[in-house]
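I opened this entry to record what I looked up, chain by chain. The notes follow the order of my checks.

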Amino acid sequence: MRATPVNRVTGADGITEGCRTEDGFDLYFGPVHPGSGNFGVKLTVRGEEVVAARADPGYLHRGFEKLMEYRTPMQNSVLSDRLCILESLNWNLVHAEAVDRLHDTEIPDRAKYIRVIMAELSRIQSHIIWYGVLSKALGFDTGFKVAFGYRDYVLDLFEFVTGGRVYPAGYICPGGVRRDFPKGTKERIRELLTKMEKMSREFEAYDNATIRTRVKGIGVLALDDAIRLGATGPVLRASGLAADVRRDAPYEVYDKLDFEIPVHEEGDAYARSIIQRREIEESIKIIRQALEQLPAEELPPVKPKAAGKIPEGEVYVRNEIARGEAGVYMKSVGESHPYRCKIRGPDFLHMIPVLEHLLVGAEVADVPAIYWSLNICPADMDR
Amino acid sequence: MAIGVIPQLIKNLFSRPMTVRFPHEAIPIPDGYRGEHAYDVGSCTSCTLCARVCPNRAIEMVKAPEEHREKYPKTYPQIDLGKCCFCGLCQDICASGAMKLTKGFFLSTNDRATVLRPPFASSEQD
């Protein structure tokens, strides 16, 4: 059946009626746009210039905070995968830490190291996606394909360790990890890291003048604006502030590991892309150290319990995930389910105030570059 | 500018692709993969733990069909794969080992009825 053409009313200048405003012309970037993910921004453009930008969140809202009030911590662990599809293991860790703190559980050392290794692999994997989608936004398709090719090697490892490629199903769960590393994991991770180093060198080789012209001086976020608008993680570090929860308030075993925090002063899309590549290298360094220090004793698997109550109390846990600072506030009144679980995702602020601030004054052609340089994740923002 | 790209291009011409030609060739599925369920009614104790732990309420305890009811008088798990997220909590909580996740991943179907996996595969449920 042929689709009925939409009867658009156009003015003398060819602009659809209803899209013309006093300031210019309304342009919708997303939420169903190949370059936007599941998120939309309403732009008002005058010629090539964006004069106003209004983020339009809610397209991917699934109501996690409410869902978590009806589930046990182990079930919530599985749910926490979906908070950000691109870095499930990191979100598993934030949630698991909040429950552990309420229970006052002592986690075995080996489990702590496994948690850090998996979280860092998840960060690498997430940064690879960031590199891929930023390349795609710049029209550099090779970068996108190479990045996603390498990402699959990490997913192969996730499948080997957790049983799932993208969703680990709460592998990092309250009490440790759901199962120990299978035999041969250390060797496989070392092989993977060699591949990641090769990938890093490839990414460096692709950093040429064509790419730089598209990102240098684009979407400049000054440090005071970054702080005022609530930017965290790589976006804040690209604006010149060396803030990282892993160093400022170390959790798990980060205090025993030696790593640097890459910082850049420029605050533009190019600085953010450099931070992204440096962070992959730092994560490789962290994993190598963690593998060296990994205790040898066997780890019993953590099984779900038929019944159990969360001790009364409230906690706030924050972690450094690939996109910035993630937090979970959990309150329990002594029932089997949490009374309240508030989630603080880094992208809520990156995708609404920061993005709106950066888009005003930009050119239409630079919108995807600015958008993807912020390492966005609609799933994390809408929750 | 092009110095980094040209050797890479030449190398790519002679290197193996990153992908494999599925279905002629496939990446091996590791042990511990969370795929389709294998349920053994013989060792099931009808404890209902799998149904209670399921985060998506994909498991419903149903009665055995008439012809089996004498041997199996209790209720047994029926899995709705449309709701299942393959987390494996049912496998972990099952003390008798009746519920296991396998390496099966060819699950797409056009028939909605096949999404339900009753405990007794052959006949209709009550």
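What percentage of the 126 residues in chain B do buried residues make up? I find 22%. I call a residue buried if 20 or more other C-beta atoms lie within 10 Å of its own, exposed if 12 or fewer, and partly exposed in between, with C-beta atoms placed from the backbone.

**Ground rules.** The model is predicted, so I note that local features need pLDDT of at least 70 and side-chain atom pairs count only at pLDDT 80 or more, while totals for chains, interfaces and linings use all residues. Residues are numbered from 1 along each chain as its sequence is written, and chains are lettered from A and ligands numbered from 1 in the order in which they are written.

**Chain B, overall.** I count three helices and five strands in chain B. Helices (H or I, at least four residues) and strands (E, at least two) are DSSP runs, numbered from the N terminus. The order from the N terminus is α-β-α-β-β-α-β-β. The radius of gyration is 22 Å, well over the 14 Å from the globule rule for 126 residues, so chain B is more spread out than a compact globule. The radius is taken over C-alpha atoms, and the rule is 2.2 Å times the number of residues to the power 0.38. The C-alpha trace of chain B spans about 75 × 30 × 20 Å along its principal axes. I then looked at contacts in chain B between residues at least 6 apart in sequence: 74% join residues at least 24 apart. Contact here means that two C-beta atoms, placed from the backbone, lie within 7 Å.

**Chain A, overall.** Chain A has 14 helices and eight strands. Its radius of gyration is 22 Å, close to the 21 Å that the globule rule gives for 383 residues, so chain A is as compact as a globular protein of that length. The C-alpha trace of chain A spans about 75 × 50 × 50 Å along its principal axes. Buried residues make up 47% of the 383 residues.

**Sheet in chain A.** Strands S6, S7 and S8 of chain A form an open sheet in that order, with antiparallel pairing. Two strands pair if DSSP finds at least two bridges between them. S6 (313-321) and S8 (340-344) of chain A are the edge strands, each pairing on one side only. The twist averages 10 degrees from one strand to the next. Nine bridges join S6(A) to S7(A), residues 324-332. A:Ile321 stands opposite A:Gly324 in S7(A). I also checked what lies across S6 and S7 of chain A: helix H3(A), residues 88-103, running at about 150 degrees to S6(A). Axes are lines fitted to C-alpha atoms, for helices over the stretch in contact, and angles run from 0 to 180 degrees between N-to-C directions.

**A helix pair.** H5(A), residues 141-162, packs on H6(A), residues 185-206, at about 170 degrees, with axes 11 Å apart. That makes H5(A) roughly antiparallel to H6(A). Angles under 35 degrees count as roughly parallel, over 145 as roughly antiparallel, 65 to 115 as roughly perpendicular and the rest as oblique. Residues meeting here include A:Tyr150 and A:Leu157 in H5(A), and A:Ile189 and A:Leu192 in H6(A). The contact residues divide into eleven nonpolar, two polar and three charged. Ala, Val, Leu, Ile, Met, Phe, Trp, Tyr, Cys and Pro count as nonpolar, Asp, Glu, Lys and Arg as charged, and the others, Gly among them, as polar.

**Interface.** I find 20 residues of chain B in contact with 23 residues of chain A. H3(B) gives the largest share of chain B's side, three residues. That side has 14 nonpolar, four polar and two charged residues.

**B:Cys85.** B:Cys85 sits in the loop between S3 (75-80) and H3 (89-93) of chain B. It counts as partly exposed, with 18 C-beta neighbours inside 10 Å. Beyond four places in sequence, its contacts are A:Val78, B:Pro55 and B:Asn56.

Most residues other than glycine have a negative phi, and most peptide bonds are trans. B:Phe22 and B:Pro23 are joined by a cis peptide bond, omega about 5 degrees. A:Asp104 has a positive phi, near 55 degrees. A:Asp104 counts as exposed, with 8 C-beta neighbours inside 10 Å. B:Arg57 also has a positive phi, near 50 degrees. B:Arg57 lies in the loop between H2 and S2 (59-63) of chain B.
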